[in-house]
Amino acid sequence: SGKNEAKLLQCAAKGDSAGVKSCIKKGGLDINCTDEQGRTALHLMVKVRARLRHLLVVIGTPLAPAAI
């Protein structure tokens, strides 16, 4: 339903992987649903991860190759 898909997208936009997993396990949603800008949950999670990685680099946190 639209409510479940909205929750999935909200969790993804916040980087809440546990919330995303919970939404998917509940079922009853289109995993390929998109937000108003046409982004899927996967797109949103990748964007959050990229922002986090950038922040860590900016503050000088050494990253392991697998984290990049």
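Guide: A residue is called buried when its relative accessible area is under 20%, exposed when it is over 50%, and partly exposed in between (1.4 Å probe, protein chains only). By this scale Arg39 is partly exposed, because its relative accessible area is 24%. The model is predicted, so local features need a pLDDT of at least 70 and side-chain atom pairs count only at pLDDT 80 or more, whereas totals for chains, interfaces and linings use all residues. Residues are numbered from 1 along each chain as its sequence is written, and side-chain values use heavy atoms, with hydrogens and water left out.

Arg39 sits in the loop that joins helix H2 (17–26) to H3. Its partner is Asp35, with which Arg39 forms a salt bridge (a side-chain nitrogen of Lys or Arg within 4 Å of a carboxyl oxygen of Asp or Glu). The closest N and O atoms of Arg39 and Asp35 are 2.8 Å apart. Side chains of opposite charge can pair when their charged atoms come close. Asp35 is buried, because its relative accessible area is 13%, while Arg39 is partly exposed. The structure holds one salt bridge. Arg39 may also be placed relative to Ala13: 26 residues separate the two along the chain, and their C-alpha atoms are 9.9 Å apart.

The protein chain has three helices and zero strands, in the order α-α-α; both kinds of element are DSSP runs numbered from the N terminus, helices being H or I with at least four residues and strands E with at least two. Of its 68 residues, 22% count as buried.

Gly19, Val20 and Cys23 are its buried residues. They line one face of H2, because they fall within an arc of 100 degrees seen down the axis, the arc being that of the directions from the helix axis to the C-beta atoms. Ala18, Lys21 and Lys25 are exposed on the other side of H2.

Ala41, Leu44 and Val48 are the buried residues of H3. They are on the same side of H3, because they cover an arc of only 65 degrees around the axis. The face turned away from them carries the exposed residues Leu42, Val46 and His54. Val58 also counts as exposed, because its relative accessibility is 56%.

H1, which covers residues 2–14, has as its buried residues Glu5, Leu8, Leu9, Cys11 and Ala12. These line one face of H1, because they fall within an arc of 160 degrees. Gly2, Lys3 and Lys14 are exposed on the other side.

Confidence in these elements is given by pLDDT, the predictor's confidence in each residue from 0 to 100. The chain averages 86, and 90% of the residues score at least 70. Confidence is highest in H1, at a mean of 93, and lowest in H3, at 83.
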